[in-house]
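Subject: Structure for you to look at

Hello,

I am passing on the structure we talked about. Please open it beside this message and follow along; the notes come after it.

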There are 4 protein chains.
Amino acid sequence: MLRVGIIGASGYTGVELARILSTHPDCELTVATSRQYAGKPLASVFPSLRKRVSLICENPDLDVLCDKADCFFTAVPHKTAMEIVPFLLEAGKKVVDLSADFRIHDAAVYEQWYQPHTCPQLLADAVYGLPELYRKQITGTALTANPGCYPTSVILGLAPLLQEGFIDPETIIIDSKSGTSGAGRSASVATLFCEVTDGFRAYKVGGSHRHIPEMEQELSLLAGRDVTISFTPHLLPISRGILSTMYASLGGDVDLDTIQELYEKKYEDEPFVRVCAPGDLPATQHVRGSNCCDIGLQADQRTGRIIVISAIDNIAKGAAGQAVQNMNLMHGFPEATGLMGAPFFP
Amino acid sequence: MLRVGIIGASGYTGVELARILSTHPDCELTVATSRQYAGKPLASVFPSLRKRVSLICENPDLDVLCDKADCFFTAVPHKTAMEIVPFLLEAGKKVVDLSADFRIHDAAVYEQWYQPHTCPQLLADAVYGLPELYRKQITGTALTANPGCYPTSVILGLAPLLQEGFIDPETIIIDSKSGTSGAGRSASVATLFCEVTDGFRAYKVGGSHRHIPEMEQELSLLAGRDVTISFTPHLLPISRGILSTMYASLGGDVDLDTIQELYEKKYEDEPFVRVCAPGDLPATQHVRGSNCCDIGLQADQRTGRIIVISAIDNIAKGAAGQAVQNMNLMHGFPEATGLMGAPFFP
Amino acid sequence: MLRVGIIGASGYTGVELARILSTHPDCELTVATSRQYAGKPLASVFPSLRKRVSLICENPDLDVLCDKADCFFTAVPHKTAMEIVPFLLEAGKKVVDLSADFRIHDAAVYEQWYQPHTCPQLLADAVYGLPELYRKQITGTALTANPGCYPTSVILGLAPLLQEGFIDPETIIIDSKSGTSGAGRSASVATLFCEVTDGFRAYKVGGSHRHIPEMEQELSLLAGRDVTISFTPHLLPISRGILSTMYASLGGDVDLDTIQELYEKKYEDEPFVRVCAPGDLPATQHVRGSNCCDIGLQADQRTGRIIVISAIDNIAKGAAGQAVQNMNLMHGFPEATGLMGAPFFP
Amino acid sequence: MLRVGIIGASGYTGVELARILSTHPDCELTVATSRQYAGKPLASVFPSLRKRVSLICENPDLDVLCDKADCFFTAVPHKTAMEIVPFLLEAGKKVVDLSADFRIHDAAVYEQWYQPHTCPQLLADAVYGLPELYRKQITGTALTANPGCYPTSVILGLAPLLQEGFIDPETIIIDSKSGTSGAGRSASVATLFCEVTDGFRAYKVGGSHRHIPEMEQELSLLAGRDVTISFTPHLLPISRGILSTMYASLGGDVDLDTIQELYEKKYEDEPFVRVCAPGDLPATQHVRGSNCCDIGLQADQRTGRIIVISAIDNIAKGAAGQAVQNMNLMHGFPEATGLMGAPFFP
């Protein structure tokens, strides 16, 4: 039985990790840290966990933690992760880091979008934790950089097209919409119920969202050339879910049937990627609470563009679910263990 | 591996049953009927089931069905259930009926609130499927009458008080609020998104809701005398969840501490009933997607009343989850099999 | 043209006052104070006011304010109101106070539920601002204590029954549900979108909500005797709206028809109270954005109880709308000026 | 006092027209037709209209109607409008048609997207009812074709850029999101509360939405050349509101400041178009319940694209509000009469 710890358990990713792990047959949640709630049961912070998780939150004293668990999920803000992760690795622990600190391979790019990187030497060892692309590498690493929520939806959506060279990378426009849990659990006027409900808005328009370098890194690797994207995030009045609508000009004379077939074949054996039948489209309410990524395809013959639409649950496949998927791989458990639950509908 | 069928799979109870059963280790979903969608994959009716349930909907031809499964969930309207269940029982099948047809022990009472009963002879054999009260009987029956959603929240909430005689049964007032999934999946203007969202209303006020005789039957049995209640249902702009606020005058000099202790002891070993800590109160968002029933207690010293508040997920503990709990008991599986997932939050 | 000021303009009551006043033909909004946003346009705090309100927020310097307006809405927390209102009155201004500070006639009662009262001498002059009960007195006062949102829904709902002595005051139970705007606009985890949406809960159960003494004061005056109530507030996942479900035992042999007739007659000429037709029930979505209070009636013959259900928009009739109604009366404008807009549906 | 009729009053556009007209000082609602609800008060169909609208719904008998009103809003499906409008015009009535039947100037284009046009001779007289573009022509016409909701948000958003030739029309991609009221008030499973809430999806992807020819017609006129667009509509879990995110490549070396200035100047005197301050972005919750269209601008220097975001209330500026604006123009009333109410927030 693997002993697992969550560092930073009081956010929405933390409670989702605790939920998934509470029924995982191969591991046991032994540590949950929270400065704010230290000494209180995690189930009093999140009453959904009553009678399911009995752990008490504790302060993140790394020496103490290392005695209690073998694998850690670091669900802390970027910068804080850089301070914690090296210590855990040195202590021989495996880490799935949910921050941005180890996703960008090039420290210079990281520093351009974030702040100075304090342990660039770890970047070469960190594996970008998208199992559908890097399954093998994840299996062998001690440090997985769990992808961002938007990037997960985008990279899975565009990978086959870019790998085949079916689209012109210059023309990629990504219009993404995220549920409000993506904004975290800090008190803030902007995410109060009354500010969000019955409304919709864009934010960080014009190429300023910090998930852009992460997406461009991976899309460029897939395309075999530099890719620059237009990316616009929006805030949906829902808790969970991301839907990304992606546009690109089709090169050559590839048609929709070919693309549909490509996606179905590419993702056939993936337990969590579900390609919609021709004519069908994904919806966030059909992946809610699950580790699934649904993808739908449609061509616009009038303009020669392909439209790819992908849907994930941003807390699950976009964070905690994918993190457990990575943990499974890193520890030799069957990849889908604890994650095969179908989405909740309605 | 138990072969299980769902008769009436195209409603919200149907999809929840399919979801729960899709990861249940001891049974396999082998039949799903729907007149409307016969011939179509259940996963095309409910795309949430993509890659999780591959069953094709079929017409409810009882002879054919009986060859395909050993246990059936009848998730059909009352009256239809009375027509199907006798046939299934005669064929030696076990049945969890989710309609109202076998919940009321007294056919005369049933007929007063519904319509003529066509197989009253089965009423004596049917067990009211609330495991917390009738665990033993359920274990031995071939026909479980799965409780209504409101009654589940109310009976679990009031049982200890009535059993101990701590409240005056004449004074019980129950103000319940249900999510919209309780209204079913039929096309109707009244439950369109725009009619329900950002709104709230009562319905069937003044003692006319058909769950009343079911509640009064069970509350009377618990109290050992006839109980007549005031019950007002309301429609919440949420998908899943029932919260019942129950008022009654305290008899004698019983205090809140005693009652809190009573509930904690009574429900201590129940996997799905969670008594809130003193001062805490339940919320539907903390039981969402789970088979849990959370109960909170508070006294109003100014008026000598006790207020009991219970929360369930109406599709889960209020329907499909409880039905699977009953199926587990009827087939000797551990009672909580497939149902221990913690609620989804947020 | 009356010059009007809002002290405390950055909350939801503030923006609703600004919205209503922006098209009021007889007055002009000349002052809006906010410590937090001083120096910023009110329309940058609330972009809904773009091109409709051009006022800049200013610090609440009372001397300066008094030069700029003749009538003030004090939309500040209780205790702060007590500090400001005496100054405004002495300066010859008229005041509609939206806090609780002048609603309770008896300073001792106020102090029991709130804190020491620093200007009890004003209590005798303050008029409880429910126009349907105190129209005449409001017309002649310089200080109106605008009622709380729950009390507005409850008092209008029960007034006719209590005045006629049709119910037993000992048996009154009030189960109220409020939209989240009632919790204000301060940053707080408990009212984040993800904590509230798709959920429902009770709070301050057991006779602890501070609106209780206000309701009991007015209900007692109507009944001509002391009235003690059980009152349970709940939090709805909607922005605006309160629905109160009120239970009481009917005295004597009064029937529903008589009560229906009583309400229709009592409220016949009221522009903002709308009695539902027999069999109809109110809904918050049918009063949204308006100054209306809808009331529906139903009897439960099985238990001898009457159920009264009332619905208001808590920011409108429950706060800002009623405040403008009071201002109209205090200044001799037709009472409904600026307030006759029908509710928004959907 | 102008007598006004609504043909097809039982939909969401109908109730919004009735709401706006109920306080309009220059006209009186004298007719509301509904086959389904003939003989019932409109306020029993829409209880929000209690005590505000006393009209009884009647069957659409055109001879009778013509005696009762001088101006009609035809809020009926396309095709039905073509059958009614010629009759009304011949009877000397003025008409604001809210269907698509008279929006497309070229009958051949109309027939390609809809069905055969039965009165193409009227197309030359019909004016496209976007006052910001066609104010003068609307003033002089008897038949205004009220724009579609999506086209209103898109055309107002792109007009200045196209008129100035600042963008490459080949590169326009429009990603729009609409509230569910746009789907109408017919009973349908797809728009049930439980299917829509807490979810998000695209529909009619790939150039198949019928608003496309209408948008392309107007954008082409603005650009002075043929414009073909990619347009993807999405369904938001809100009642009211459209937000369109529009992408295009900037031609030449025009910068964001220039564009911001262009928009501010272009829309300076428009009562209903509000250009956001630099850095600000529109949100549907900031135009809710109003006739406003808010527009925000941002450049993506990394890709050389401009992103224009516009927000309207689809029932107001996208339908009923704009229809009243057109009626005002057609009858010589001040254009903004009855429409200057600020949006509802929260």
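Helices and strands here are DSSP runs, numbered from the N terminus, a helix having at least four residues and a strand at least two. Keep in mind that this is a predicted model.

Two backbone features came up. As background, most residues other than glycine have a negative phi, and most peptide bonds are trans.

Positive phi

A:Lys79 sits in the loop between strand S3 (71–74) and helix H4 (80–90) of chain A. The phi of A:Lys79 is near 80 degrees, which is positive, and A:Lys79 is not a glycine. Is A:Lys79 buried or exposed, or partly exposed? A:Lys79 counts as partly exposed because it has 15 C-beta neighbours inside 10 Å, and the partly exposed class lies between 12 or fewer (exposed) and 20 or more (buried).

A:Asp198 is also not a glycine, and its phi is positive at about 55 degrees. Look for A:Asp198 in the loop between helix H8 (193–196) and strand S8 (201–202) of chain A. There are 25 other C-beta atoms within 10 Å of A:Asp198, so this residue is buried.

Cis peptide bonds

In chain A, the bond from A:Phe345 to A:Pro346 is cis, and its omega is near 0 degrees. A:Pro346 belongs to the segment after helix H11 (316–330) of chain A.

In chain C, C:Phe345 and C:Pro346 are joined by a cis peptide bond with an omega of about 0 degrees.

Regards

Methods:
Residues numbered from 1 in each chain as written. Chains lettered and ligands numbered in written order. Predicted model: local features only at pLDDT ≥ 70, side-chain atom pairs only at ≥ 80, totals over all residues.
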